[in-house]
Amino acid sequence: MTKAFEKQVEADPDKQKDLATYLDFIDLRKIVETPKNWTHFKDDLDIQLPDEQANRKHTRWFDDINKLRRVSAHPYNRGYDDAEVDEIHLIYQTLIKRQLIAV
């Protein structure tokens, strides 16, 4: 939250947005999996990937999406392989099903 606040303060005062706007995506994982917060987010953001074991927190998808988003942000000579496309699709469909994103 401190980093987000610093970014918010650095923004033009007339154009400042809500504090959550300034969070880095990967920081959301840290917030979500904090023990006091996990109970609030578990039902929505616990997404088990095919190679993960059951009965644990499933938040690795945050790291994977963060890594994969770099490909689209910096696409020169880069692309997604079939496994990455399948993982993106699984996460996307899960978030739609849980009504966390609209289509």
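1. The buried residues of helix 3 (residues 35–45) are covered by parts of the chain that include helix 2, helix 4 and helix 5 (82–97). Helices here are DSSP runs of H or I with at least four residues, numbered from the N terminus, and contact means heavy atoms within 4.5 Å.

2. The model is predicted: local features need pLDDT of at least 70, side-chain atom pairs count only at pLDDT 80 or more, and totals for chains, interfaces and linings use all residues. Residues are numbered from 1 along each chain as its sequence is written, and side-chain values use heavy atoms, with hydrogens and water left out.

3. Which residues of helix 3 are buried? They are Asn37, Trp38 and Leu45, where buried means under 20% relative accessible area, exposed over 50% and partly exposed in between (1.4 Å probe, protein chains only). These residues lie on the same side of helix 3 because they cover an arc of only 105° around the axis; the arc is that of the directions from the helix axis to the C-beta atoms. Thr39, His40 and Asp43 are exposed, on the face turned away from the buried side of helix 3.

4. The whole structure contains 2 aromatic pairs. Rings of Phe, Tyr and Trp (its six-membered ring) pair if their centres lie within 6.5 Å; planes under 30 degrees apart count as stacked, over 60 as edge-to-face and the rest as tilted. Phe25 and Phe62 form a tilted pair, with 5.5 Å centre to centre and 40° between the planes. This pair joins distant parts of the chain, 37 residues apart: Phe25 belongs to helix 2 (residues 25–33) and Phe62 to helix 4 (residues 60–73).

5. Phe25 is partly exposed, at 28% relative accessible area, whereas Phe62 is buried, at 2%.

Conventions
Helix = DSSP H or I, 4+ residues; strand = E, 2+ residues; numbered from the N terminus.
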